[in-house]
Amino acid sequence: MIVNVSEAKTNLSKLIDMAYHGEEVIIAKNNLPLVELVPHKPKAKRKLGLLKGQINIPDNFMDENEEINAMFYGERS
């Protein structure tokens, strides 16, 4: 299916759904095909834990700093 840019703007969700389900969707301008909508295919699976053992998070990481709190919230009485 070839659609012009203005029609693509109006029906983008529908065109995305069509491309996702395997239909060929081409967007054209002045009857010149410009782009083709295709479903995204990840290059590779995400690998979790890549930095395990390479970074150190201190035990006091979540502790509040009174000086920083004062800058954000003002002096508390």
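I began with strand β2 (residues 25–29), which pairs with β3 in the antiparallel sense over 5 bridges. Two strands pair here if DSSP finds at least two bridges between them; strands (E, at least two residues) and helices (H or I, at least four) are DSSP runs, numbered from the N terminus.

The model is predicted: local features need pLDDT of at least 70, side-chain atom pairs count only at pLDDT 80 or more, and totals for chains, interfaces and linings use all residues. Residues are numbered from 1 along each chain as its sequence is written, and side-chain values use heavy atoms, with hydrogens and water left out.

I27 stands opposite V35, and A28 stands opposite P33. The two strands form a hairpin with 2 residues between them, and N30 in the turn has a positive phi of about 55°.

Next I checked N69, which lies in helix α3. N69 has a relative accessible area of 18%, so it is buried (under 20%; exposed is over 50%, partly exposed in between; 1.4 Å probe, protein chains only). Leaving aside neighbours within four places in sequence, N69 is in contact (heavy atoms within 4.5 Å) with E64 and G74.

Last, I looked up F61, in the loop between β3 (32–37) and α3 (66–73). F61 counts as exposed because its relative accessibility is 57%.
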